[in-house]
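Subject: Structure handover

Hello,

Here is the structure I said I would pass on. My notes on what was found in it come after it.

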Number of protein chains: 2
Amino acid sequence: MFGQIMNTKLPPRTVERLSKYRRLLDKYKGLDEAHIYSHKLAGLLNLTPEQVRRDLMLIGLTGNHRKGYNIKALIGIIGNTIDRQEGQQVALVGIGNLGKAVLGFIRKAETRMNIVAAFDIDRNKINTHIAHVPCFDIQEAKQVIREKNIRIAILTVPPEVAVSTTTLLLQSGIRGILNFTSVHLDVSPDIYLKDYDIITSLEEIGFFIK
Amino acid sequence: MFGQIMNTKLPPRTVERLSKYRRLLDKYKGLDEAHIYSHKLAGLLNLTPEQVRRDLMLIGLTGNHRKGYNIKALIGIIGNTIDRQEGQQVALVGIGNLGKAVLGFIRKAETRMNIVAAFDIDRNKINTHIAHVPCFDIQEAKQVIREKNIRIAILTVPPEVAVSTTTLLLQSGIRGILNFTSVHLDVSPDIYLKDYDIITSLEEIGFFIK
DNA sequence: TGAGCAATGTGAAAAAAATAACAGTTGTTT
DNA sequence: AAACAACTGTTATTTTTTTCACATTGCTCA
């Protein structure tokens, strides 16, 4: 309906920005105008208009030379590009403060990334629901991940068990990991790993403002 | 002692990696060998040896052509490069699940980024200590931030108040922000802002593994 | 209707970052 | 002590990402 899925490779930075365009515009949807200019969108996200136009060009979205880009079409095509049709299943591994916080975030956001299982070792959490997500014993991970067709894990376990947990996850078929532990995970190149390294980020900020 | 502070501009990616080298090597310190090869260090962090050598070159560290890089010297020079002598003061703003988790992380890590104050609106938290960090009413932010010479804030407040809180922080003299809210913050270019956008990261992972 | 303006779309240039290539060093071995 | 091996230091090349520049388009309004 909104143009075809582009299976040409997109630059990682573009994918990142596309996700942001959509989240921003989800709020605009319905309200206000039906269209938005590249410079408006750029301004809202501290980008340049050229960057925005190029990103949209790459996913085959064409705007109106006078009115800008149709917001619904934009949201639609971004969805066709970066989502799987049926959404993707995500597991949360480690239900501590951080895990709960992440759950809260994602529940509020409009996204097709569905957290469908959480894992922990705490008997008090296992077999309960947290924020509507069923909690399992990490022992059952392999089975649950297979059954629910989960490919992505958010890793919020204590650092001591980060490596062993990762090994288990990879054996269970996980293909992408969002790593909140400060532990470096050594994974093969076909696994998509994204590190959220708080200390490093802080030190980076520290360096650049001094 | 370990070579001079280089005040030439370093690429952001280099600064990021330097922080990681140090964290990794802090664990090696004392143990094992006194030296490490670029290819060993690269292997441990999934980088290329060339990248490592270039980074170290940029901070003026020179290795031994046969033995590699002296680990203590490496840690020392990275410190001289990216730390302030006296460390830097950081505030945690918003003491929810996420805030507490972040506190836990940083307390465990060896870093000169010191969290010296936390802010919230919850009467039950104000004037207590959490993980040895004193908690203040956000109303007092301006005063406390000035007094304690805080320049960096970790923003873990609910999205509804993200923008207003940021305004307050910037008025109080904060120069760098690590933003955990999914809200886009529009700050002037002289403020160093780093976004931890969980949804975007997840969608990016989703795209690249499909 | 047609001139003007304010967008878009995109090739080309520039900047930033990563990778390759290799000469130069240093310890080791015979 | 000469040949070797395995590193480092750095220049050159390639790749990736951003920015520039400008022709083209589509609405508006005189």
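His132(A) lies in the loop between strand 5 and strand 6 (133–137) of chain A; helices (H or I, at least four residues) and strands (E, at least two) are DSSP runs, numbered from the N terminus. His132(A) has a positive phi of about 70° although it is not a glycine. This residue is exposed, with a relative accessible area of 66%; buried means under 20% relative accessible area, exposed over 50%, and partly exposed in between (1.4 Å probe, protein chains only). Asn127(A) also has a positive phi of about 70° without being a glycine. Asn127(A) belongs to the loop between strand 4 and strand 5 (129–130) of chain A, and it is exposed at a relative accessible area of 64%.

Some notes on how to read the values. This is a predicted model, in which local features need pLDDT of at least 70 and side-chain atom pairs count only at pLDDT 80 or more, while totals for chains, interfaces and linings use all residues. Residues are numbered from 1 along each chain as its sequence is written, chains are lettered from A and ligands numbered from 1 in the order in which they are written, and side-chain values use heavy atoms, with hydrogens and water left out.

Domains of chain A

The domain assignment of chain A gives domain 1 (12–82) and domain 2 (88–200); such bounds come from an automatic or database domain assignment. The centres of the two domains, taken over C-alpha atoms, are separated by 30 Å.

Strand 3 of chain A

Six of the six residues of strand 3 (residues 88–93) of chain A are buried, so this strand is largely enclosed by the rest of the structure. Both of its faces are covered: Gln88(A), Val90(A) and Leu92(A) are buried on one side, and Gln89(A), Ala91(A) and Val93(A) are buried on the other.

Strand 3 of chain A runs parallel to strand 4 (residues 113–120) of chain A, and six bridges join them; two strands pair if DSSP finds at least two bridges between them. Val93(A) has Phe119(A) in strand 4 of chain A as its bridge partner. Between these strands the chain passes through helix 5 (residues 97–108) of chain A, and this β-α-β crossover is right-handed (with the strands pointing away from the viewer, the path from the first strand over the helix to the second runs clockwise). Strand 3 of chain A also pairs in the parallel sense with strand 7 (residues 152–155) of chain A, over four bridges. There, Ala91(A) stands opposite Ala153(A).

DNA strand C

Which residues come nearest to DNA strand C? Of the 24 residues around it, they are Ser38(A), Arg54(A), Gly63(A), Arg66(A) and Tyr69(A); a residue is near a molecule or strand if one of its heavy atoms lies within 4 Å of it. By class, this surface has four nonpolar, 11 polar and nine charged residues (Ala, Val, Leu, Ile, Met, Phe, Trp, Tyr, Cys and Pro count as nonpolar, Asp, Glu, Lys and Arg as charged, and the others, Gly among them, as polar). Helix 3 of chain B gives the largest share, four residues.

A base oxygen of DNA strand C is 2.5 Å from an N or O atom in the side chain of Arg54(A).

DNA strand D

Of the 26 residues around DNA strand D, Arg66(A), Ser38(B), Arg54(B), Gly63(B) and Tyr69(B) come nearest. Of the atoms of DNA strand D within 4 Å of the protein, 59% belong to sugar or phosphate and the rest to bases.

A polar side-chain atom of Arg66(A) lies 2.3 Å from a base nitrogen of DNA strand D. The side chain of His65(A) has an N or O atom 3.1 Å from a sugar or linking oxygen of DNA strand D.

A contact between the chains

Arg23(B) is in helix 1 of chain B and counts as buried at 14% relative accessibility. Its side chain makes a polar contact of 2.8 Å with the side chain of Asp197(A) and another, of 3.3 Å, with that of Thr200(A). A polar contact is a pair of N or O atoms within 3.5 Å; within protein, one must be able to donate a hydrogen and the other to accept it, and residues adjacent in sequence count only if both atoms are side-chain atoms.

Regards
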